[in-house]
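Here is a short briefing to read alongside the model. Please keep the sequence and the 3D view open as you go.

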Amino acid sequence: MKIKQISAILAAGCVLGGSLLAFSGCADEREEIVLRVCNWEEYIDLGDWDDDELIEVENIFTDEEGIIGINSMVDDFTEWFNSNHDYKVRVEYSTFGTNEDLYNRLSLGDVYDIVCPSDYMLMKLIAEGNYVEFSDSFWSDDEENYYAQYVSRYIDGAEGSIFYDYDWNKKAACYMWGTLGLVYNPESLVDADDVKSWNMLANPDYKKQVTIKDNVRDAYFAALGMLNSEYILQNDVSLEELSSLMNATDSQTIAKAEDILKNIKENVYSFETDSGKADMVTGKVIANEQWSGDAVYIMDEAESDEENATELWYSVPEECTDIWFDGWIKLKNGVEWSEQRHTAAEAFVNFVSRPDNAVRNMYYIGYTSSIAGDTVLEYMDYNYGAEEDAEDTFEYDLSYFFGDGATITANASEFEFDDEERTVINRGRQLFTQYPPQNVIDRSVVMLDFGDRLAQINQMWINVRCLDIVDISPVTIGIVAAVILVVVAVILIYAFRYRIFAAHKPKKGYFKVA
């Protein structure tokens with residue numbers, strides 16, 4: 001009897017267990033789509049934060065207290081999406097190192113649904129028609145349309161915003177943005193007046209002590225800043241004219257820029273792609289042309305060294321700066337689009353645009369998000385605001401980005417002021433670097449795609465970066481020629497002696513062993 005009862009219980013258990021497995025199987029059998037995302041290397045929160053990295057600001061988007069990255073952003077998105085839809089998404093996340101690397105992959109047939117290149121590459125993809133506009137529903141007032149709700153009006157809003165001016169509205173969504181300037185060490189005999197101009201890159205007072213970016217766009221922009229410096233500083237130049245000057249690509253301008261860059265090449269320590277960060281932190285160089293996001297990283301790293309803490313600053317040259325940005329774009333030449341794929345791609349942009357996630361990404365990579373909102377403003381105050389008992393403070397105005405009345409009580413010692421008006425001028429530390437003041441924004445332009453002038457500018461860059469025979473002194477040429485002649489003579493003498501020896505060499509078997 002007991003055996004029968006046990007058997008009945010086991011049978012019932014098997015049925016119940018099978019039902020649960022079947023139910024679970026039904027949940028797993030939802031249709032799954034693959035979303036192929038390609039982004040810059042190290043350009044999203046990968047999680048695994050320590051407990052002491054908790055950002056203690058109010059988080060209205062989750063049940064958690066504060067903001068912390070436990071899982072990767074991609075994993076959190078997948079869980080969030082799959083718990084809110086009747087189908088699943090699996091993200092295939094890839095990275096690229098340069099815009100050209102991404103473009104070459106696309107040209108060779110690599111397939112992605114959504115990518116995040118820089119401004120000029122966005123322009124190129126849009127000009128080639130390789131994009132799918134974001135849907136009208138992406139811009140609706142749905143509570144999960146975080147990008148539409150929280151993107152700064154300066155970035156993607158009304159007339160005067162970056163995307164509005166350049167007709168990228170609804171074609172792309174901004175991810176990170178910033179300026180181009182000079183990180184420098186004020187304790188290393190760097191004159192504050194010198195870092196106010198792009199001319200510092202060719203200033204012989206700092207020979208072999210500064211570095212410049214090893215890419216044609218950032219180097220060309222600096223060269224045009226030097227070329228037009230006197231005119232810009234001595235005239236009331238409108239933003240429209242400034243943009244025209246800093247985007248000039250006529251043959252005469254390119255030739256002048258080449259001469260300037262060759263002069264810079266002789267003066268700088270090096271052209272660098274990523275080594276400039278370490279060189280600044282270690283003190284190998286005292287100034288470095290840098291993107292604002294990496295400038296923040298450099299300042300944080302230099303300041304965190306307990307034994308040799310160094311206070312570095314960031315300057316935006318008075319002539320102008322390049323407002324750069326990276327943005328998400330859906331590719332027309334991706335995989336076959338469907339309503340579900342559109343939804344997943346736009347949901348991904350929305351998820352990384354949720355203000356608490358924007359803070360996570362900003363903390364992890366050091367760059368500045370396009371997202372505004374109280375959460376982001378509180379995070380900046382949490383990071384860089386003055387202590388309550390601080391004496392020399394002022395209200396740093398960020399209304400152009402966060403909206404009317406948005407300010408942060410900041411330490412005056414971390415900014416350069418106009419003594420009379422007590423307004424921030426053109427240099428400062430981390431807060432200034434991430435959110436420059438309005439007067440810097442007023443002299444900022446977007447560097448456009450080179451278009452059909454790319455080939456000529458690339459040739460100019462080759463002329464600058466590669467050894468040019470006309471730049472070699474006659475003495476050097478004579479020495480190299482003499483060395484070559486000596487080497488050739490030695491080879492000929494050796495060959496002649498070898499032939500004589502071979503002619504008199506005993507034939508095989510001539511010597512015999514008795």
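Asp218 sits in helix α8 (residues 216–227); helices are DSSP runs of H or I with at least four residues, strands are runs of E with at least two, and both are numbered from the N terminus. This is a predicted model, in which local features need pLDDT of at least 70 and side-chain atom pairs count only at pLDDT 80 or more, while totals for chains, interfaces and linings use all residues. Residues are numbered from 1 along each chain as its sequence is written, and side-chain values use heavy atoms, with hydrogens and water left out.

- Asp218 is buried but has no salt bridge. Buried means under 20% relative accessible area, exposed means over 50%, and partly exposed is in between (1.4 Å probe, protein chains only). A salt bridge is a side-chain nitrogen of Lys or Arg within 4 Å of a carboxyl oxygen of Asp or Glu.
- The nearest side chain of opposite charge is Arg217, 6.2 Å away; Lys and Arg count as positive, Asp and Glu as negative, and His and the chain ends are not counted.
- Setting aside neighbours within four places in sequence, Asp218 is in contact with Leu180, Lys213, Glu289 and Trp291, where contact means heavy atoms within 4.5 Å.

- Among the buried residues of α2 are Phe77, Trp80 and Phe81.
- The buried residues of α2 pack against β1, β2 (88–96), α5 (146–150), α14 (339–353) and α15 (355–365).
- Thr343 is in helix α14 and counts as partly exposed, at 30% relative accessibility.
- Apart from neighbours within four places in sequence, Thr343 is in contact with Phe81, His85 and Tyr87.
- Thr343 and Ser135 are 208 residues apart in sequence, yet 9.1 Å apart in space, C-alpha to C-alpha.

**Strands and sheets**
- An open sheet of six strands has the order β2-β1-β3-β11-β4-β12, with mixed pairing; two strands pair if DSSP finds at least two bridges between them.
- Its edge strands are β2 and β12 (368–369), each of which pairs on one side only.
- β1 and strand β3 (residues 114–115) run parallel and are joined by two bridges; Cys38 has Val115 as its bridge partner in β3.
- Strand β16 (residues 424–428) has four of its five residues buried, so it is largely enclosed by the rest of the structure.
- Strand β9 (residues 313–315) runs antiparallel to β16, with two bridges between them; the partner of Ser315 in β16 is Arg427.
- Strand β15 (residues 415–417) also pairs with β16 in the antiparallel sense over two bridges, and Phe417 has Val424 as its bridge partner in β16.

**Surface patch**
- Leu46, Tyr363 and Tyr364 make a nonpolar surface patch of about 270 Å². Patches are made of residues with over 30% relative accessible area and no salt bridge; like charges are joined within 9 Å, and nonpolar side chains (Val, Leu, Ile, Met, Phe, Trp, Tyr) within 5 Å.
- Leu46 lies in the loop between β1 (32–40) and α2 (73–82), and is partly exposed, with a relative accessible area of 49%.

**The protein overall**
- The protein has 21 helices and 17 strands, and 49% of its 514 residues count as buried.
- Of the contacts with a separation of 6 or more, 73% come from residues 24 or more positions apart.
- The accessible surface is about 26,500 Å², and 51% of that belongs to carbon and sulfur atoms; areas come from the Shrake-Rupley method with a 1.4 Å probe, and for residues only the protein chains shown count as cover.
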